[in-house]
Amino acid sequence: RSHLVASLLCLEGMMMSLFIMATLIASNTHFPLVNIMPIILLVFAACETAVGLALLISISNTYGLDYVHNLNLLQC
Amino acid sequence: MAYVLFTLSVLLVMGFVGFSSKPSPIYGGLALIVSGVVGCVIVLNCGGVYMGLVMFLVYLGGMMVVFGYTTAMAIEEYPETWGSGLEVLGGLLVGLMMEVVLVLWVLSLDETVVVSFSDTGDWVIFEGEGSGLIRGDSIGAGALYDYGRWLVVVAGWTLFVGVYIVIEIVRGN
């Protein structure tokens with residue numbers, strides 16, 4: 001019984017680790033213009049989170065809970 | 001303390017293990033927030049003051065709050081914490097064990113593993129009459145509005161369209 005929101009949390013963790021890595025690269029290589037990349041990455045990660053949460057809400061409205069094994073419409 | 005960055009990165013990985021072992025979403029969100037705070041302190045330690053502030057405000061203050069109340073609204077059951085089920089506890093213990101092995105291996109080496117954290121963050125500029133001091137990351141992020149004008153327009157339009165997409169998805173039919 002695994003939730004769908006656990007995958008969204010792992011996606012958020014991946015985006016955060018990418019942000020931290022890009023910021024540390026920008027600081028350590030003394031290349032300030034690279035700081036643009038983590039900010040834009042944060043913008044598009046926010047869009048992705050919003051759409052993922054909207055899908056989560058629609059699944060939870062249809063099935064009551066967001067268990068992954070509820071998503072079996074394409075099962076043969 | 002010279003090893004503060006190493007300790008913080010170890011805590012970051014342990015926080016990531018905390019939510020990737022898939023407990024109930026509320027506890028996963030808590031572990032993500034703790035990891036976010038630790039990661040922000042790592043960024044601050046390497047001289048990225050502005051980027052740490054952006055991460056705190058936008059990421060922890062914006063996205064985690066939205067995650068928190070969406071999770072609280074969409075999920076209602078008996079939450080499964082790290083000590084309740086065997087799978088979650090097993091995943092957590094395996095992750096922590098691997099982290100401990102890595103830390104011991106890194107500490108047993110005698111040289112720097114990846115990168116040496118030299119002095120970062122401040123730039124000294126010499127202009128016409130005197131000298132000044134600027135922060136590298138805020139100046140670099142400020143260049144987003146100069147060299148990256150079109151990127152700002154595209155990102156703003158993406159966010160605007162994203163709001164419409166979210167409304168249409170949640171409305172359903």
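**A chat about the model**

Q: How much of residues 39-59 of chain A is helix, and how far apart are the end C-alpha atoms?
A: That stretch is 100% helix and 0% strand, with its end C-alpha atoms 30 Å apart. Helices here are DSSP runs of H or I with at least four residues, strands are E runs of at least two, and both are numbered from the N terminus.

Q: Before we go on, what are the ground rules?
A: This is a predicted model, where local features need pLDDT of at least 70, side-chain atom pairs count only at pLDDT 80 or more, and totals for chains, interfaces and linings use all residues. Residues are numbered from 1 along each chain as its sequence is written, chains are lettered from A and ligands numbered from 1 in the order in which they are written, and side-chain values use heavy atoms, leaving out hydrogens and water.

Q: Which residues of chain A does UniProt list as "transmembrane region"?
A: The unreviewed UniProt entry puts that feature at residues 6-27 and 39-59 of chain A. UniProt positions follow the numbering used here, feature names are shortened, and annotations may be inferred rather than shown by experiment. Residues 6-27 of chain A are 100% helix and 0% strand, and their end C-alpha atoms lie 32 Å apart.

Q: New topic: how many aromatic pairs are there over all chains?
A: There are 3. Rings of Phe, Tyr and Trp (its six-membered ring) pair if their centres lie within 6.5 Å; planes under 30 degrees apart are stacked, over 60 edge-to-face, and the rest tilted.

Q: Why is the pair F16(B) and F19(B) called tilted?
A: Their ring planes are at 50 degrees, so the pair is tilted, and the centres are 5.2 Å apart. F16(B) and F19(B) sit 3 residues apart in helix α1 (residues 4-20) of chain B, about one turn of the helix.

Q: Are F16(B) and F19(B) buried or exposed?
A: Both are buried, where buried means under 20% relative accessible area, exposed over 50%, and partly exposed in between (1.4 Å probe, protein chains only).

Q: And what about W157(B) and F160(B)?
A: Their ring centres are 5.5 Å apart and the planes are at 40 degrees, so that pair is tilted. W157(B) is exposed at 55% relative accessibility, while F160(B) is partly exposed at 45%. W157(B), F160(B) and Y164(B) make up one aromatic cluster.

Q: What does E12(A) touch?
A: Beyond residues up to four places away in sequence, its contacts include A45(A), T49(A), Y59(B) and F67(B), with contact meaning heavy atoms within 4.5 Å.

Q: Which helix holds E99(B)?
A: E99(B) lies in helix α4 (residues 86-108) of chain B. E99(B) is also buried without a salt bridge, and K22(B), the nearest side chain of opposite charge, is 20 Å away.

Q: What is the phi of K22(B)?
A: About 55 degrees, a positive value although K22(B) is not a glycine. K22(B) lies in the loop between α1 and α2 (25-45) of chain B.

Technical notes: Lys and Arg count as positive and Asp and Glu as negative; His and the chain ends are not counted. A salt bridge is a side-chain nitrogen of Lys or Arg within 4 Å of a carboxyl oxygen of Asp or Glu.
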